[in-house]
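Please keep the sequence and the coordinates at hand while reading.

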Amino acid sequence: RVDPPPALWAEMLDVRWRLKKAGVAGVSIPDLIIAMTAVAHQKVILTLDRDFWRMRPILGFQLLEVTE
């Protein structure tokens, strides 16, 4: 189990603003929570969801590409 970072909700608005400023809009709150938690705990995300690929350059987490 990996818990979300303690300051998650306080930082969420800032992260959403950074994403929007970089042209990454429409990311769901659950995807943002997963991404921010991965950054806080230095975890790799394994997903088919393309939103994570759009967020990665801004947030700096690691992704493992899955092929269908």
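## Salt bridges within helices

R18 and D14 are four residues apart in helix α1, and therefore about one helical turn separates them; helices here are DSSP runs of H or I with at least four residues, strands are runs of E with at least two, and both are numbered from the N terminus. Their side chains meet in a salt bridge at 4.0 Å, N to O, the term requiring a side-chain nitrogen of Lys or Arg within 4 Å of a carboxyl oxygen of Asp or Glu. R18 is partly exposed at 31% relative accessibility, and D14 is likewise partly exposed, at 42%, where buried means under 20% relative accessible area, exposed means over 50% and partly exposed lies in between (1.4 Å probe, protein chains only).

This is a predicted model, in which local features need pLDDT of at least 70 and side-chain atom pairs count only at pLDDT 80 or more, whereas totals for chains, interfaces and linings use all residues. Residues are numbered from 1 along each chain as its sequence is written, and side-chain values use heavy atoms, with hydrogens and water left out.

## The other charged pairs

The structure holds three salt bridges. In helix α3, R54 and D51 are three residues apart, which again means a separation of about one helical turn, and their side chains form a salt bridge at 2.9 Å, N to O. R54 is partly exposed, with a relative accessible area of 33%, whereas D51 is buried at 19%. Leaving aside neighbours within four places in sequence, D51 is in contact (heavy atoms within 4.5 Å) with G26, V27 and D31.

D3 forms a salt bridge with R1, with 2.7 Å between the closest N and O atoms. D3 is partly exposed at 39%, while R1 is exposed at 92% relative accessibility.

Apart from neighbours within four places in sequence, L19 is in contact with V24, L32, M55, I58 and L59.

On the surface, V44, L46 and L64 form a nonpolar patch. L64 lies in strand β2 (residues 62-65) and is partly exposed at 48% relative accessibility.

Notes. Patches are made of residues with over 30% relative accessible area and no salt bridge: like charges are joined within 9 Å, nonpolar side chains (Val, Leu, Ile, Met, Phe, Trp, Tyr) within 5 Å. Accessible areas come from the Shrake-Rupley method with a 1.4 Å probe; for residues, only the protein chains shown count as cover.
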